[in-house]
Amino acid sequence: MARQCSRLLRLGFTSMSCLFERGSGGGAPFRATAHKWSCRRFTAVPPPPPPRRSADRRTRVTMGRILTGTMLGVVIAGGAYVSTADEATFSGWLFDATKLVNPLFALLDPETAHRLAISAAARGFIPREKRPDPPILEVEVWGQKFSNPLGLAAGFDKNAEAVESLLGLGFSFIEVGSVTPIPQEGTQKPCIFRIPQESDSTFIAISLVGQDRQPAKDVTVGHMRPYVDLSCHHNSKKDMRRAIIGRDCVNSEGLVAVVERLAGQYGKIKFKRKSDGPEHGGKAGHGIVGVNIGKNTTSEDAAADYLQGFHTLCHIADYLVINVSPPNTPGLRKLEGRKQLKDLVRKIQSARDEMLWGERGPPPLLVKISPDLSRQDLEDIAAVALTLRLDGLIISNTTTSRPEPVNKYPVSKESGGLSGKPLLSLSTDILKEMYILTQGKITLVGCGGVSSGEDAYRKIRAGATLVQTYTAFSYEGPALVPRIKAELARCLEGDGFKSVHEAVGADCR
């Protein structure tokens, strides 16, 4: 019985082994994981060895792992460092980063670059200054506190599209405009001409020029040396060619568009005074917003246009500027004559006196004048300013002259106003002259050719309480703002001044 059972078991096991060997019909031996079964004998055969990797392949894998680990480590470490960095440090990194992006604007025509930059600023795609201004830069004018004397001149944000973001760059005030009663566009195309700057280093960027829709005419591509000297006594000759000629750039979206933007975005914002510090702000919130009002080129009644601008903007602007000096509006500079200017200012002051005002009172009223004035013209304007007690003068607008080295370029023959570094000496001389004529009794705003802290300091010593920049900002971008302020503070401290007010008019004493 035992033999029969043993024989049956051997027979059954042999049958099952043959089934495993035949598999599913292909006759191939059955493989189960790491073993091969035979129908003749029950043995385990080891699997074939894996193919050898070549030495270079192993090296590549190893290096890839090392690189991946390194990158992960850098990302983790960098993230940890950034997370522990304070806002001021991070803000400084962002301003430095704009130096890498700004040269890309030079690849675009001026109008496209301008629209792109304004659009980016309006959407908040520019850095925001988190570092406090040096206390030595604080200025109080017209009963308002300015954290520093540096502002952005009119012509950059003509239609109040990016006021909040531009103030966030560290400007203490911004001037919108010129704004005309009804919308108008420039008629001559192209209207912007670039004056190149010749040097021997990196590519220069012209980022925010003009606003007409047709492409501007490229003259020559310039180069510039990056500014690294923070002293207030650097050589400014290297960027004397950095300038712009604007022809027929009197385009504006009109009063309605500007008022809607200012009122809708900033009119209801109230700057909350901190208990541990002074208030730096105006009706538009944090920062001072002025509006430059002008007349339409087709208008025959300039006074009516200025009055309309005053009535519309007086409750939303922190100060208003009567712009009687743009070179692109035919016949407008005639209003700088003694009688014409006196009549115009009196009409606006009369309208102001008839209105009811709140706690802040009416906005300061300023006049922007040309740098192309004779001595007699300056004396007449000074007499009007003193007689009518103007709140301030902005000195100056663009010039129709072509000083060296601008006159060496063929494009200098184009009509229009010249702005930029070549305007510095001319506008500063007019500023100093006007400070003497007004006996320091009228607040002066220095504008024209400011591209460094030394330039701003030069304006202040010539009599300016506040300073504006424009063309240099269009060339250098956001990084210009903290640089000018740092250099200006060093200039003041180096000459022993404790405040901006102490330095005002120092060269006229």
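**Notes on the predicted model**

1. The chain has a mean pLDDT of 77, and 66% of its residues reach 70 or more, where pLDDT is the predictor's confidence in each residue, on a scale from 0 to 100. Over residues 16–42 the pLDDT stays under 50, and for this stretch the model has 29 contacts beyond four places in sequence, a contact meaning heavy atoms within 4.5 Å. The pLDDT is also below 50 over residues 197–231, a stretch with 125 contacts in the model beyond near neighbours in sequence. Where pLDDT is low, the predicted coordinates should not be read in detail.

2. On conventions, this is a predicted model, in which local features need pLDDT of at least 70 and side-chain atom pairs count only at pLDDT 80 or more, while totals for chains, interfaces and linings use all residues. Residues are numbered from 1 along each chain as its sequence is written, and side-chain values use heavy atoms, with hydrogens and water left out.

3. As to the overall make-up, the chain has 14 helices and 17 strands, these being DSSP runs numbered from the N terminus (helices are H or I, at least four residues; strands are E, at least two). Of the 509 residues in the chain, 49% are buried (buried means under 20% relative accessible area, exposed over 50%, and partly exposed in between, with a 1.4 Å probe and protein chains only). Among contacts between residues at least 6 apart in sequence, 75% join residues at least 24 apart.

4. Helix H7 (residues 302–313) packs with helix H8 (residues 338–353) at an angle of about 30°, and their axes are 10 Å apart (axes are lines fitted to C-alpha atoms, for helices over the stretch in contact, and angles run from 0 to 180 degrees between N-to-C directions). H7 is therefore roughly parallel to H8, since angles under 35 degrees count as roughly parallel, over 145 as roughly antiparallel, 65 to 115 as roughly perpendicular and the rest as oblique. H7 contributes Ala303, Tyr306, Leu307, Phe310 and His311 to the contact, and H8 contributes Leu344, Lys347, Ile348, Ala351 and Arg352. These residues divide into 7 nonpolar, 1 polar and 2 charged, where Ala, Val, Leu, Ile, Met, Phe, Trp, Tyr, Cys and Pro count as nonpolar, Asp, Glu, Lys and Arg as charged, and the others, Gly among them, as polar.

5. H8 also packs with helix H9 (residues 375–387), their axes coming within 9 Å and crossing at roughly 25°, so that H8 is roughly parallel to H9. H8 passes H9 in a right-handed crossing. Here Arg338, Leu341 and Lys342 of H8 meet Asp380, Ile381, Ala383 and Val384 of H9, a contact that has 4 nonpolar, no polar and 3 charged residues.

6. Helix H10 (residues 424–437) and H11 pack at an angle of about 25° with their axes 9 Å apart, which makes H10 roughly parallel to H11. Leu424, Ser425, Ser427, Thr428 and Leu431 of H10 make the contact with Asp455, Arg458 and Lys459 of H11, and by class there are 2 nonpolar, 3 polar and 3 charged residues.

7. Alanine 464 sits in the loop between helix H11 (453–461) and strand E17 (466–469), and counts as buried because its relative accessibility is 0%. Leaving aside neighbours within four places in sequence, alanine 464 is in contact with Leu431, Leu444, Val445, Gly446, Lys459 and Val504. The C-alpha atoms of alanine 464 and proline 149 are separated by 9.3 Å, although these residues are 315 residues apart along the chain.

8. Serine 172, in the loop between helix H5 (163–168) and strand E6 (173–179), is buried at 5% relative accessibility. Not counting residues up to four places away in sequence, serine 172 touches several residues, including Phe146, Pro149, Leu167 and Ile288.

9. Two backbone features deserve a look. A cis peptide bond joins glycine 177 and serine 178, with omega about 5°, and another joins isoleucine 395 and serine 396, with omega about 15°. Phi is near 60° in alanine 160, which is buried at 0% relative accessibility, and likewise near 60° in glutamine 439, which is exposed with a relative accessible area of 54%.

Methods
A crossing is left-handed if the near helix is turned anticlockwise from the far one by less than a right angle, and right-handed if clockwise.
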